[in-house]
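I opened my notebook to see how the inside of this protein is put together. Come along while I look things up.

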Amino acid sequence: MHRYPRDFRGHGPNPPDAAWPGGAKIAISIVLNYEEGGENNLLHGDAQSEAFLSDIAGAAPWPGMRHWNMESIYDYGARAGFWRLHRLFVEQNIPVTVYGVTTALARNPEQVAAMKSAGWEIASHGLKWVDHRDMDPAEEARQIAESFRLHKEVVGCPPVGWYTGRCSMNTVRLTAETQRLAWISDTYDDDLPYWMELGDHDQLVIPYTLEANDMRFATAPGYITGEQFYQYLKDSFDTLYAEGCDGRAKMFSIGLHNRLIGRPGKFAGLKKFLDYAKSHDGVWFPRRIDIAQHWKKTHPHKRFERPSQMDRARFIARFGSIFEHSPWIAERAFDLELGPAHDSAAGLHNALARMFRSASADERLGVLRAHPDLAGKLAAAKRLTPESTHEQASAALDALTDAERDTFQRLNTDYVAKHGFPFIIAVRDNTKASILAAFHARIGNDTATEFATACAQVERIAELRLKDQLP
């Protein structure tokens, strides 16, 4: 059994109504990354200098050496950039979430005090601002635990939110497994929060952004001027705000760094955007903990039995009757590369239909012949499967007059005599009258055409049955 872990479905084609407080059309989450003093540095016990996200063109690590220019750029973020941003957000009464590298927070006590005084949320940005890509899972788990300990010591309470950033394939799992976090954000895969299941723990994920993010001032392709940053934020806002006006409210994350957006020319673009956003009605500026609390209350997680997580016996027992009396289709589908995308009616239908379509002509003919006649002898004897009984009843085929029943039975006999399999139609898509009309129209088709038509109807019947069971 091979299972594919990536989730391409998410909320699906009909995402939930965010129902933001006060009927807000958009939730703008401002995130301020605080990394100054937590970056790679020999003073911090690292083997090289920092090279990530600065104004130094083509920066590279200096093994075994301190990098004075790099350090001074990070220092600017703490000494000047932070306070410029702090004044702006306090004056505009916009609460922010801080992604605080724990060791950086420990080295910046005045800034921490200012964050707390402003009522900002101080989430964890990991113990150190370093690359976790090749870190051993046990060491990463140790650093996560140490970050919790030190964060509480420095801030006064442990973090309830987490974003590592330069993460490993294990980061999301390791942070969720602590079961201490109201939210985690090491994903970029949605415009709304969502729930992730890890064992018996339901973890809320609030996706983050790398594009509505001032880091693009330090990467290529990226922003050159504050006006470019403003324009991108404005375009994003306008799109999401319009969706909110149509009843599809979304979340807009904006990522900031003291040493980048804190520079005057870049800062001007941010301020211009905030003025623009605040000129609209229905704009909510929450901290990420506010989003988490709202989502937990408004959209609590509801577990259901997921096809991709079933064992073979359960899978076949649950879905073996989706194609009438043909459990072999479910048996073959179980061996496909199933994953979260197949935990919906549409997804699982695709897997089952693939096995039906790839079967031999004789096998598909067997599926057709497994279907009962419409309003036939099996129905009269009440020997239909529960699914067929329900379907035929939906078009009142269980309450025919004697004349109507005689008509159906005559048509059934003539159809089978000509084509060699029963007349098949997705009854739930039809009425008694439209079924009779289709019967009269299709009985005159050649058998090849009817075989293809009947197979398509079998797939449609299976789809409707799955929609009764799965989201």
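This is a predicted model: local features need pLDDT of at least 70, side-chain atom pairs count only at pLDDT 80 or more; totals for chains, interfaces and linings use all residues.

I began with F273: setting aside its neighbours within four places in sequence, I found F273 in contact (heavy atoms within 4.5 Å) with I28, Y230, L233, K234, F237, F252 and I254. Numbering runs from 1 along each chain as its sequence is written, and side-chain values use heavy atoms, with hydrogens and water left out.

Next I looked up the cores. A nonpolar core is a set of buried Ala, Val, Leu, Ile, Met, Phe, Trp, Tyr and Cys residues joined through side-chain atoms within 4.5 Å, buried being under 20% relative accessible area (1.4 Å probe, protein chains only). The largest one holds 48 residues, and I28, I30, F89, F237, F252 and F273 have the most contacts inside it. Among the elements giving it two or more residues I noted β1 (26-34), α1 (68-91) and α8 (264-278); helices (H or I, at least four residues) and strands (E, at least two) are DSSP runs, numbered from the N terminus. I saw that α1 gives the largest share, 7 residues. Another core lies apart from it, with 45 residues, including A330 and I424.

Note on methods
Buried means under 20% relative accessible area, exposed over 50%, partly exposed in between (1.4 Å probe, protein chains only).
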